[in-house]
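Here is a short briefing on the structure shown below.

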Amino acid sequence: NELLTLLKYQVNENIRMIYSIPPNLQSKLPETEFRQALLNVLLNSAQQLGKQGGTINLHIDKSNDRLHVEVSDSGSGFPKTLLAEGIRPFASYKEQGTGLGLSMVLRFARSIGGQLNLKNDSQGHACATLTLPLGI
């Protein structure tokens, strides 16, 4: 909740954020690292939407001892090159990007036995899904 409140002040006013998070959801993830990973994915969407605005959806649920975190937006989607080649450190597809945001998220996910999947939905919008163990 703290992260989502903070994020409201970091994105343009024309970006609508929709959250779907079950009440009382608990996990035993490293708090600082998880918070940074989630922030990186959400800011990536906000930067993609930029000044034209749009919608960011955050959906979190759990099943089979796994936490599923899905962030999707109404932007133009991930570049085809990124989807084909995968996430690589210092390979940025944004004008002011460093190429480290999604690399850090991927490294975090793998370090605890999780994964990060990127895709564009049927309408061409970006969707990033983190699948993480509930407790490590």
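D65 is exposed, with a relative accessible area of 63% (exposed means over 50%, buried under 20% and partly exposed in between, using a 1.4 Å probe and protein chains only). D65 sits in the loop between β2 and β3. The model is predicted: local features need pLDDT of at least 70, side-chain atom pairs count only at pLDDT 80 or more, and totals for chains, interfaces and linings use all residues. Residues are numbered from 1 along each chain as its sequence is written, and side-chain values use heavy atoms, with hydrogens and water left out.

**Loop between β2 and β3**

- Phi of D65 is near 60°, a positive value in a residue other than glycine.
- N64 lies in the loop between β2 and β3, where helices (H or I, at least four residues) and strands (E, at least two) are DSSP runs numbered from the N terminus.
- Phi of N64 is near 50°, again positive in a residue other than glycine.
- N64 is exposed, at 71% relative accessibility.

**Loop between α2 and β2**

- G53 is in the loop between α2 and β2 (54–63).
- G53 is buried, with a relative accessible area of 10%.
- Leaving aside neighbours within four places in sequence, G53 is in contact with N14 and I15 (contact means heavy atoms within 4.5 Å).
- G53 and G75 are 22 residues apart along the chain, and their C-alpha atoms are separated by 8.4 Å.

**Salt bridge**

- How many salt bridges does a search of the whole structure find? The search finds one (a side-chain nitrogen of Lys or Arg within 4 Å of a carboxyl oxygen of Asp or Glu).
- R35 pairs with E31, and the closest N and O atoms are 2.9 Å apart.
- R35 and E31 are four residues apart in helix α2 (residues 31–49), so about one helical turn separates them.
- R35 is partly exposed, with a relative accessible area of 31%.
- E31 is exposed, at 55% relative accessible area.
- Side chains of opposite charge can pair when their charged atoms come close.

**Largest pocket**

- The largest pocket holds about 590 Å³ of space.
- It has 17 lining residues, and the closest to its centre are N1, L25, F34, L38 and I60.
- On a 1 Å grid over the protein atoms alone, a pocket is an open set of points with protein on both sides within 12 Å along at least five of seven lines, a cavity is a set where a 1.4 Å probe fits but cannot get out, and lining residues have an atom within 4 Å of a point.
- Grid points are joined across faces, edges and corners, and a volume is the space filled by probe spheres set on the points.
- α1 (2–8), α2 and β2 each supply at least two residues of the pocket lining.
- α2 gives the most to this lining, with four residues.
- By class, the pocket lining has 11 nonpolar, three polar and three charged residues (Ala, Val, Leu, Ile, Met, Phe, Trp, Tyr, Cys and Pro count as nonpolar, Asp, Glu, Lys and Arg as charged, and the others, Gly among them, as polar).

**Largest cavity**

- The count comes to one cavity of 30 Å³ or more.
- About 50 Å³ of space lies in the largest cavity.
- V41, N44, S45, V71, D73, F78, A126, C127 and A128 line the largest cavity.
- α2, β3 (66–73) and β5 (126–133) are the elements that give two or more residues to this lining.
- The cavity lining divides into six nonpolar residues, two polar and one charged.
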